[in-house]
Amino acid sequence: MGGYSYLNSAAISAEYFLGKGAKKVAILDVDYHHGNGTQDIFYEREDVLFVSLHADPATDYPFYWGHPDETGLNAGTGSNLNLPMPRGTDWLKYRNQLSKSLETIHQYSPDYLIVSYGADTFIDDPISFFEIKTADYSEMGAIINELGLPTLICMEGGYDLTSIGVNVKAFLNGFDNC
Ligand SMILES: [Zn+2]
């Protein structure tokens, strides 16, 4: 446990799919913070691709993980992709990195996609410093849906309690309506 969750819903779900016969699972983490626990769990595994878009660990939690040169180990070499972005990142810059991550997932050709969705990339989030707006989450959901993969969405962070509902709804509507 590194400060937030005791149980890793995305990792538990990935193991479940693999146990049910899936050969490969991809996890896309769009929470503001690097998914250090998920990376650690699957770092030496080739059957789970982990892709994380997050704030640069030079300025933000978890500080010691989430750098681009962390690409996996042993059998997992090449199955870990970190895309850190600076504070102040807006949707246009974010979307550019998201497209890169989706191309990597497409190439990996997983049986299932698990999305670790965090609403703490929101512009008014009190502990985060990206500038994503509510309407952007709809586009984010729609773009992820374009992968055409069976997808499980897990709720991760989000600390602006007045807007978290609309931001989750925007993401789900975007994912569902395209
Ligand atoms: Zn977070």
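1. Asparagine 74 is found in the loop between E2 and E3; strands (E, at least two residues) and helices (H or I, at least four) are DSSP runs, numbered from the N terminus. Its phi is positive, about 50°, although asparagine 74 is not a glycine. Asparagine 74 is exposed, with 9 other C-beta atoms within 10 Å. Here a residue is exposed if 12 or fewer other C-beta atoms, placed from the backbone, lie within 10 Å of its own, buried if 20 or more do, and partly exposed in between.

2. The model is predicted: local features need pLDDT of at least 70, side-chain atom pairs count only at pLDDT 80 or more, and totals for chains, interfaces and linings use all residues. Residues are numbered from 1 along each chain as its sequence is written.

3. Proline 62 lies in the loop between strand E2 (48–55) and strand E3 (80–85). A cis peptide bond joins it to tyrosine 61, with omega about 10°.

4. Phenylalanine 63 also belongs to the loop between E2 and E3. It is not a glycine, yet its phi is positive, about 65°. Phenylalanine 63 is partly exposed, with 13 other C-beta atoms within 10 Å.

5. Helix H4 (residues 134–145) has 12 residues, which at 1.5 Å a residue should span 16 Å; its end C-alpha atoms are 18 Å apart, which agrees. The expected span is 1.5 Å times one less than the number of residues.

6. The buried residues of H4 are Asp136, Tyr137, Ser138, Met140, Gly141 and Ile144. They pack against strands E1 (25–29) and E4 (112–117) and helices H3 (91–108) and H5 (164–177), contact being C-beta atoms, placed from the backbone, within 7 Å.

Conventions: Two residues are in contact if their C-beta atoms, placed from the backbone, lie within 7 Å.
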